[in-house]
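Subject: Structure for you to look at

Hello,

Here is the structure I promised to pass on. Please open it next to this email and follow along.

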Amino acid sequence: MKNLFKLMLLPLSLLAVSCSSDDDGYNADTAISLYNPVPESYRVVKGIKMSATDGRGEHTWNYTLNYDAQRRIKSLDAEISTYQLRNNSRWYRVNIKSSTEYQFLDEKNLGVIYNASLEYPTYPDWNTTKGYRLPGEFNAKGALVHFGTFDCEYSGNTLTKAYIDNGRVYKPAHDRYGNVTGYMCEDGDSIYSKLNIYPYSSINNKTNVDFSGFMGYWVPEREIYDNHDWRYAFCHLAAFDMLGARSLHLPEGEWTLDASGCPVACVLPSGIRLEIVYAE
């Protein structure tokens, strides 16, 4: 059954096709799922804006987060303006508008639908669209055991291994607080260790977004086709606690907190600036 499930996934996960999110009869507010959002004590993030400036110019990534009546992530909309290297020769301005929809199809099954349009202001003939539809399956604790072309293994609710269809096996590394600090990767006869590469602050994350997931620290997610760069990722599974227990602390950075101890801004070690807006 597991192999049949994977065979069904491959055409969906590897082909760029235009996908419609208007499935007949689906109602996000009434959908039942084993997946549950974090408790109401966590503050709900409505928007995340990232920006950076380098020799090419300014880069901006604006994300809007939308939720259903049960406080689960419903959709993630993005407006991105950045530069893209083409033909290994020059960098060109590209504006990207995208939407990721999360559908809880029944208790176990998840559908992630992504659609994007890319606009090149100086070369409109390059303008294009792309879309993907990726299925997943939750276990009894509401964590994904299958997604796209990888399977997950847990100890309790902590992700311990991810098996990729290309043969790689990832073992996330955690510190004593549960923060994801790195990983080991078995690739055939080779083993790669990237331990303690993700440092953290001592600030407890009081928001519903796991920023370690949002920033791509959960490396198995990068194996999803076209999801390898955290600044342009579209699935954000760990960010919304779909890969088990979250990281306790905010990643390392110069964080600005509000009176309730929630982050409103940050300068990351990379120089990327974050601004965080909350739902009322």
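A residue counts as buried when its relative accessible area is under 20%. Keep that cut-off in mind for what follows. Note too that this is a predicted model.

Start with strand β2, residues 57–67. How many of its eleven residues are buried? Eight are, so the strand is mostly covered by the under 20% cut-off.

Now look at what β2 pairs with. On one side of the sequence comes strand β1, residues 45–54. β1 and β2 run antiparallel, and eight bridges join them.

Then go to strand β3, residues 73–86. β3 pairs with β2 over eight bridges, again in the antiparallel sense. Here, Tyr67 has Ile73 in β3 as its bridge partner. β2 and β3 form a hairpin as well, with five residues between them. Check Arg71 in that turn: its phi is positive, at about 70°.

Last stop: Leu250. This residue sits in strand β14, residues 249–251. Is Leu250 buried or exposed? Leu250 is buried, because its relative accessible area is 0%. Which residues does Leu250 contact, leaving aside neighbours within four places in sequence? Among them are Tyr200, Ile203, Phe211, Trp255 and Pro263. Take Ile203. In sequence, Ile203 and Leu250 are 47 residues apart. In space, they are 5.7 Å apart, C-alpha to C-alpha.

Best wishes

Notes: Residues are numbered from 1 along each chain as its sequence is written. This is a predicted model: local features need pLDDT of at least 70, side-chain atom pairs count only at pLDDT 80 or more; totals for chains, interfaces and linings use all residues. Side-chain values use heavy atoms; hydrogens and water are left out. Buried means under 20% relative accessible area, exposed over 50%, partly exposed in between (1.4 Å probe, protein chains only). Helices (H or I, at least four residues) and strands (E, at least two) are DSSP runs, numbered from the N terminus. Two strands pair if DSSP finds at least two bridges between them. Contact means heavy atoms within 4.5 Å.
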